[in-house]
Amino acid sequence: MRSNQFLDKVSSYIRSKEASKYIEAELKAHLHQTKIELVKKGYKEDEAEELAVRNMGNPSDIGKKMDKLHRPTIDWKLMSMFLFMSATGLCLFWFLFKDSNSFSVLKQVYSVTVSVIIACVLLFFDYRKLQRWGWVFFTIGCLILVQFQFSKVLVNGMPRINIIGLLSVNSIVVLPLFLLAWAGMLQSKKMNVYLAAILYVCSTFLFLFTVNLQAVALYSLMVAVMVWRSSLNKRKILITSAVLLTTCVSILLIEIALKDIRTYQFERLFAFVTPEKFSETSGYMYLKLEKLIDDAGWLGHFGSLGKIDFSNEMMTDFIFVTITYTLGWTGALLIGLMFLWMIWRISRIFQTVKDPFGKMLVSGSFAIFTAQVTISIGMSLGLLPIMSISLPFMSYGALSAVINAFLFGLVLSVYQKKNMILMKKI
């Protein structure tokens, strides 16, 4: 059998065109090298080629083996959990709020539907095409943040902008852009610790102008995890981080000394520690959440929701408290365990992925998702100060659903292509 016939036979069993291309190139190079060695031993070229092909083995067996090893793989476990949590959140939302606000339920149906579509589209998208656009994504993200300074729409003191007139969003909307930006920029040979620090400081200032400390916290954690997981010098990262942290603390202390921090800001801090002393103001919500959690019991109040005030906060930031009161500590524990499993699964995917760009995307997605879950549940249980952070899959809102769908879509896309990356390194 000639080498071309052998390669065609092997390729016919490989369903992935991309994998077929790299496998064929590798086998061709190996056959050529073997042929040269046989010719040096005295074989004629035709004889050497046939012997080299014969030594490779059965082309059908090789093709089937290569197809099994190097084909796109979908993480059905994580995908199934994503769909299950999306459906669970939607069903719970429908049950809890269908009588109080049917229009919100309809909007939530649309949001979840769109988020599932986004995740599925990204699953089959080749994320590697985005790597060279890191600096472009960073620039676009900064330009969008600048637009918030000119916005005249304020919600809870935070400026918002409209996307194509369909959705009013705050500055958290740019997190996916900065995720793609940092994942790409950290692969650049021009990147170093000091340049990363400058880019982070500049972009953080733009975030601060949007008066969205929650976005700043998520963004900072995302960048910290991605930079630490990158190939940059760890010692320089620690030193630079210490300098930035010291500078921030110093600025905060100066503001306190100059009394730039207002009385109500101090009150919010003290209310977290001793809410009883501020029961009529900042401590009221802490006491209310604590009472609902304590009254939930193990089985909850599935048929009696009279004590819950169906305000926007109970649909968004404090949805975990609403779920706990409704389903009891047992239901809350089960949902918490499912979130914990998803976090663990994403961390496992990070360990299996070999592509540096893919690892950056997974690490950034892991940081954002884990932070949302930890902060949202932590503040609902009184373990963390109250801040406006949505609980993925459960909280009302299109923006939260779309962002988390984007994160899971990227993670699933990286996992699907992980065997293709190995082929490139042959």
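**View 1. Helix α15 in the lining of the second largest pocket.** In this predicted model, α15 supplies nine residues to the lining of the second largest pocket, the largest share. The pocket has 15 lining residues in total. Elements contributing two or more of them are α15, spanning residues 319-352, and α16, spanning residues 356-380.

**View 2. Centre and volume of the second largest pocket.** The space in this pocket amounts to about 220 Å³. Nearest its centre lie Phe320, Gly336, Ile377, Gly378 and Leu381. Sorted by class, the lining holds eleven nonpolar and four polar residues, and no charged residues.

**View 3. Crossing of helices α9 and α10.** Helix α9 covers residues 193-208 and helix α10 covers residues 213-229. Their axes come within 9 Å and cross at roughly 160°. Because angles over 145 degrees count as roughly antiparallel, α9 is roughly antiparallel to α10. The crossing of these two helices is right-handed.

**View 4. Residues in the contact of α9 with α10.** On the α9 side, the contact is made by Tyr200, Ser203, Thr204, Phe207 and Leu208. These meet Leu213, Ala215, Val216, Tyr219, Ser220 and Val223 of α10. By class, eight residues of the contact are nonpolar and three are polar, with no charged residue.

Methods
Residues are numbered from 1 along each chain as its sequence is written. This is a predicted model: local features need pLDDT of at least 70, side-chain atom pairs count only at pLDDT 80 or more; totals for chains, interfaces and linings use all residues. Side-chain values use heavy atoms; hydrogens and water are left out. On a 1 Å grid over the protein atoms alone, a cavity is a set of points where a 1.4 Å probe fits but cannot get out, and a pocket is an open set with protein on both sides within 12 Å along at least five of seven lines; lining residues have an atom within 4 Å of a point. Grid points are joined across faces, edges and corners, and a volume is the space filled by probe spheres set on the points. Helices (H or I, at least four residues) and strands (E, at least two) are DSSP runs, numbered from the N terminus. Ala, Val, Leu, Ile, Met, Phe, Trp, Tyr, Cys and Pro count as nonpolar, Asp, Glu, Lys and Arg as charged, and the others, Gly among them, as polar. Axes are lines fitted to C-alpha atoms, for helices over the stretch in contact, and angles run from 0 to 180 degrees between N-to-C directions. Angles under 35 degrees count as roughly parallel, over 145 as roughly antiparallel, 65 to 115 as roughly perpendicular and the rest as oblique. A crossing is left-handed if the near helix is turned anticlockwise from the far one by less than a right angle, and right-handed if clockwise. Contact means heavy atoms within 4.5 Å.
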